[in-house]
Amino acid sequence: AACEGRDTVRFAVISDTHGNYSDLSDEVHDINRRDSVDFVVHLGDLTETGTTKEFMWARRELGKLTKPYFALIGNHDFLGTGDQAYEWMFGTKNFSFVLNGIKFIALDTNAMEYDHVAAVPDFTYMENQATADTTAFSRTIVLMHAPPYSDEFNNNVSKAFNYYVTLFPGVMFCLYGHNHNDTIVDIFDNGILYYGIDSAAHRNYHIFTLTPNGYAQQRIDY
């Protein structure tokens with residue numbers, strides 16, 4: 001609601017804070033001191049082993065943010081009954097929202113955690129989201145934890161995943177974590193950039209600035 005109607009919106013993107021709660025605390029502090037940041041995206045792996053206590057630790061630190069935030073589920077968050085704890089604390093594994101004509105679509109891509117027998121990524125969900133009420137959005141940002149061609153992704157369907165991504169209007173870019181490095185790659189050589197967000201242990205994150213005509217991004221070291 002605070003961003004509605006604004007020409008320019010900024011959000012910080014963090015990932016893979018598992019086992020690095022002091023680094024996460026410093027990350028939160030650094031984001032809080034930046035008044036221009038409107039909200040925060042966590043791309044998953046909030047915990048190391050999916051225990052309830054770890055989820056509580058992560059939520060305690062993220063709760064210190066002075067901006068709204070939302071979090072995706074990572075592969076570490078599935079361990080034990082972690083996926084149930086995630087859903088109880090943070091909500092569904094696939095979700096979306098529209099902000100100023102831009103759809104943010106968050107996808108569970110942790111196929112290995114389902115032994116590759118479930119519909120992960122969920123192409124039916126993606127298709128429904130891509131075609132539902134397209135008058136409400138003209139641009140799209142795709143979020144995931146594990147990227148195509150990573151060890152967690154169902155790589156038999158990587159090309160199909162790309163097809164369903166391209167169904168979304170005006171894909172601006174995709175964001176992922178998991179690999180613990182800071183990188184930019186055009187995975188499918190089709191002009192859609194995938195930004196890999198580093199782990200908290202390496203003490204950097206990214207800020208994306210969305211404007212009516214495009215976007216800008218910068219790496220923040222802290």
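Guide: Let us begin with a pair of strands: strand β5 (residues 102-107) and strand β6 run parallel and are joined by six bridges. Helices (H or I, at least four residues) and strands (E, at least two) are here DSSP runs, numbered from the N terminus, and two strands count as paired if DSSP finds at least two bridges between them. This is a predicted model, in which local features need pLDDT of at least 70 and side-chain atom pairs count only at pLDDT 80 or more, while totals for chains, interfaces and linings use all residues. Residues are numbered from 1 along each chain as its sequence is written, and side-chain values use heavy atoms, with hydrogens and water left out.

Buried means under 20% relative accessible area, exposed over 50%, and partly exposed in between, with a 1.4 Å probe and protein chains only. In a regular strand the side chains alternate between the two faces of the sheet. Here Arg139, Ile141 and Leu143 point one way from β6, while Thr140, Val142 and Met144 point the other way, and all of them are buried.

β6 also pairs with strand β7 (residues 171-176), in the parallel sense and over four bridges. In that pairing, Ile141 has Phe173 of β7 as its bridge partner. The chain crosses from β6 to β7 through helix α5 (residues 158-166), and this β-α-β crossover is right-handed.

Stepping back, we find these strands within an open sheet of six strands, in the order β4-β5-β6-β7-β9-β8 and with mixed pairing. Its edge strands, β4 (95-99) and β8 (183-185), each pair on one side only. Neighbouring strands of this sheet are turned against each other by 20° on average, direction ignored, where axes are lines fitted to C-alpha atoms, for helices over the stretch in contact, and angles run from 0 to 180 degrees between N-to-C directions. β4 and β5 pair in the antiparallel sense over five bridges, and within this pair Ser96 stands opposite Ile105 in β5. α4 packs on the sheet, touching β4 and β5, and its direction makes about 175° with that of β5; contact means heavy atoms within 4.5 Å. The loop between β5 and α4 holds Ala119, which is exposed, with a relative accessible area of 54%.

Helix α3 (82-90) is in turn covered, on its buried residues, by elements that include β4, α2 and β3. Those buried residues are Gly82, Ala85, Tyr86, Met89 and Phe90. Seen down the axis of α3 they fall within an arc of 105°, so they line one face of the helix; the arc is that of the directions from the helix axis to the C-beta atoms. The face turned away from this buried side carries Gln84 and Trp88, which are exposed. After α3 comes Gly91, with a positive phi near 110°.

Helix α2 (residues 52-62) has Glu54, Phe55, Ala58, Glu61 and Leu62 as its buried residues. They cover an arc of only 130° around the axis, which puts them on the same side of α2. What they pack against is β1 (9-14), α1 (21-32), β2 (39-42), β3 (69-71) and α3.

Some of these strands belong to another open sheet, which has five strands in the order β3-β2-β1-β10-β11 and mixed pairing. Its edge strands are β3 and β11 (214-221), each pairing on one side only. Within this sheet, β1 and β2 pair in the parallel sense over four bridges, and Ala12 has Val40 of β2 as its bridge partner.

Notes
A crossover is right-handed if, with the strands pointing away from the viewer, the path from the first strand over the helix to the second runs clockwise.
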